[in-house]
Amino acid sequence: MRPFGELEAAIMAELWRRGEPATVRDVLGALNSSRDLAYTTVMTVMDNLHKKDQVTREMVGRAWLYRPVRSRAEHAAALLQNVLAESGDQQEVLMHFVAELQPDAVAQLREAVEAARKGARPAGGGSA
């Protein structure tokens, strides 16, 4: 899995922010408040995200409704898994990673590990 390109990331951020399926026009309207994009540009990128299995889509009326396949947290976790898998030395990477964390992040990590051991989600482990 590769990180999103700039426009892909902006589209995914908008879909995650909405928390509900959106059309190309919905996303374009939100993104055009900060930049000037063509409808076809956003449509092409959303179609590409569908082909990359990052979003699902459903035809409603005459428009596709797009929805992220994963939550933002699930996507970030998948990226981290890829980084670890490609690192060559997962333990060393994790040691450096943890050494750079703030104390509150270490506490959250500890809580997440304990929750995973118990088969539960950590507190604050939202889905968006």
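The legends below describe close-up views of a predicted model.

Residues are numbered from 1 along each chain as its sequence is written. In this predicted model, local features need pLDDT of at least 70 and side-chain atom pairs count only at pLDDT 80 or more, whereas totals for chains, interfaces and linings use all residues, and side-chain values use heavy atoms, with hydrogens and water left out.

**View 1. Helix H2 packs against helix H3.** Helices (H or I, at least four residues) and strands (E, at least two) are DSSP runs, numbered from the N terminus. H2 covers residues 24-31, and H3 covers residues 39-51. Their axes lie 9 Å apart at an angle of about 120 degrees; axes are lines fitted to C-alpha atoms, for helices over the stretch in contact, and angles run from 0 to 180 degrees between N-to-C directions. From H2, the contact uses Val 24, Arg 25, Val 27 and Leu 28, and from H3 it uses Tyr 39, Val 42, Met 43 and Met 46. Contact means heavy atoms within 4.5 Å. Seven of these residues are nonpolar, none is polar and one is charged (Ala, Val, Leu, Ile, Met, Phe, Trp, Tyr, Cys and Pro count as nonpolar, Asp, Glu, Lys and Arg as charged, and the others, Gly among them, as polar).

**View 2. Asp 53 and Gln 54 sit in the loop between H3 and strand E1.** Asp 53 has a positive phi of about 60 degrees, although it is not a glycine. Asp 53 counts as exposed because its relative accessibility is 59%, while Gln 54 counts as buried because its value is 11%. Buried means under 20% relative accessible area, exposed over 50%, and partly exposed in between (1.4 Å probe, protein chains only). Leaving aside neighbours within four places in sequence, the contacts of Gln 54 include Met 1, Phe 4, Met 12, Leu 49 and His 75. Arg 67, Pro 68, Val 69 and Arg 70 are also among them.

**View 3. Strands E1 and E2 form a hairpin.** E1 spans residues 55-60 and E2 spans residues 63-68. The two strands run antiparallel and are joined by six bridges; strands pair if DSSP finds at least two bridges between them. Thr 56 has Arg 67 as its bridge partner, and Val 60 stands opposite Ala 63. Two residues lie between the strands, and Gly 61 in the turn has a positive phi of about 65 degrees.

**View 4. Helix H6 is followed by Gly 119.** H6 comprises 16 residues, 103-118. Its first and last C-alpha atoms are 23 Å apart, close to the expected 22 Å, where the expected span is 1.5 Å times one less than the number of residues. The phi of Gly 119 is positive, near 80 degrees.
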